[in-house]
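Hi,

Here is the structure I promised to pass on.

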Amino acid sequence: MQALPWWALPLIFAVLEGALCSTVGTVLLTQRRILQANLIAHGVLPGLAIAIALQLDPALGGWLSGLAAALLAERLIRSHNEQQEAVINTVLAGALATGVLLLALLERRVELEALLFGDLLTAGWRDLLQTVVAAGASLVFISTQYRPLVFSGVDPDGAESAGLPVQRLRTVLAVVTTLVVVSAIAAVGIILVISLLCAPAVLALQRANSLSGAMVRSSLIGASCSVGGFGLALVLDLPPGPLIGWLCLLLLFLPKNGHRQN
């Protein structure tokens, strides 16, 4: 069996991550939970520090601490419902501070550049497997909860009054988002994963008449940004992660069309 060329695996990884992050980002935007993704991305640091110190899988540690940060924020929001953004940002700062303190106390070193901006060209089969698992969990969640997601996205108070388990829906969404964020860190890092979650979804929602249409469009845009950034990295001999983030930024300068959301 002929081995794949060196660029094939990173390219596959880039396409999957671009499509996956953008799809989940669309759901997060419609659910008004996009700040939660930013919290999760920064909340992985304490788990990474502990996992490295215990010689465990860093991805597992990152997933657990990212999810813990998200669930802590959800709990605190119930007591401070009118200051949701402030609560999320405070928990984000606390999680990041905890991670930095743990690294110092445990005397462990982490390659911060790779953690913040990723290293797509060094992606391996293990990274791809994590992405496939995250994609599978996202697909199951969205397909089984599509109608509740649409209802709660349009009218969260009405959905709760109608008896939909909105809080449980948000908790499962936090679990899925954590899987997606952790799987994307190897490609674009903590900082730039937010651009893939946000920018393609913003553009897709401008022209979509339904959540499903927005997700499909967003996934195509996200995959295109990832492939474009990867291609530019090969041509310019620059890191692909920042180039992907740069392309996502350029999306926001495209002309805004009229749209209707369902």
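Of the contacts in the chain with a separation of 6 or more, 78% are between residues 24 or more positions apart, where contact means heavy atoms within 4.5 Å. Bear in mind that this is a predicted model, so local features need pLDDT of at least 70 and side-chain atom pairs count only at pLDDT 80 or more, while totals for chains, interfaces and linings use all residues. Residues are numbered from 1 along each chain as its sequence is written, and side-chain values use heavy atoms, with hydrogens and water left out.

The chain has eleven helices and zero strands. Both kinds of element are DSSP runs numbered from the N terminus (helices are H or I, at least four residues; strands are E, at least two). The radius of gyration is 18 Å, close to the 18 Å that the globule rule gives for 262 residues, so the chain is as compact as a globular protein of that length. That radius is taken over C-alpha atoms, and the rule is 2.2 Å times the number of residues to the power 0.38. The C-alpha trace spans about 55 × 45 × 35 Å along its principal axes.

As for burial, 46% of the 262 residues are buried (under 20% relative accessible area; exposed is over 50%, partly exposed is in between, with a 1.4 Å probe and protein chains only). The chain exposes about 13,100 Å², and carbon and sulfur atoms supply 65% of that. These areas come from the Shrake-Rupley method with a 1.4 Å probe, and for residues only the protein chains shown count as cover.

Now the charged pairs. There are two salt bridges, meaning a side-chain nitrogen of Lys or Arg within 4 Å of a carboxyl oxygen of Asp or Glu. Glu74 pairs with Arg33, with the closest N and O atoms 2.2 Å apart. Glu74 sits in helix α3 (residues 58-79) and Arg33 in the loop between α1 (8-30) and α2 (34-53), 41 residues apart. Glu74 and Arg33 are both buried. Asp57 and Arg126 meet at 2.7 Å, N to O. Asp57 is in the loop between α2 and α3 and Arg126 is in helix α6, so this pair ties together parts 69 residues apart in sequence. Here Asp57 is partly exposed at 29% relative accessibility, and Arg126 is exposed at 53%.

What about disulfides? The whole structure has zero, taking a disulfide as a pair of cysteine sulfur atoms within 2.5 Å. For Cys198, the nearest cysteine sulfur is that of Cys248, 9.2 Å away. The sulfur of Cys225 is 4.3 Å from the closest one, in Cys248, which is too far for a bond. Cys198 is partly exposed at 22%, whereas Cys225 is buried at 5%.

On the surface, Trp6, Trp7, Leu121, Leu234, Val235, Leu236 and Leu238 form a nonpolar patch with about 700 Å² of accessible area together. Patches take residues with over 30% relative accessible area and no salt bridge, joining like charges within 9 Å and nonpolar side chains (Val, Leu, Ile, Met, Phe, Trp, Tyr) within 5 Å. Leu121 is in the loop between α5 (112-117) and α6 (125-144).

Finally, some backbone angles. Most residues other than glycine have a negative phi. Arg32, however, has a positive phi of about 60° and lies in the loop between α1 and α2. Asp237 has one of about 55°, in the loop between α10 (211-236) and α11 (240-251).

Cheers
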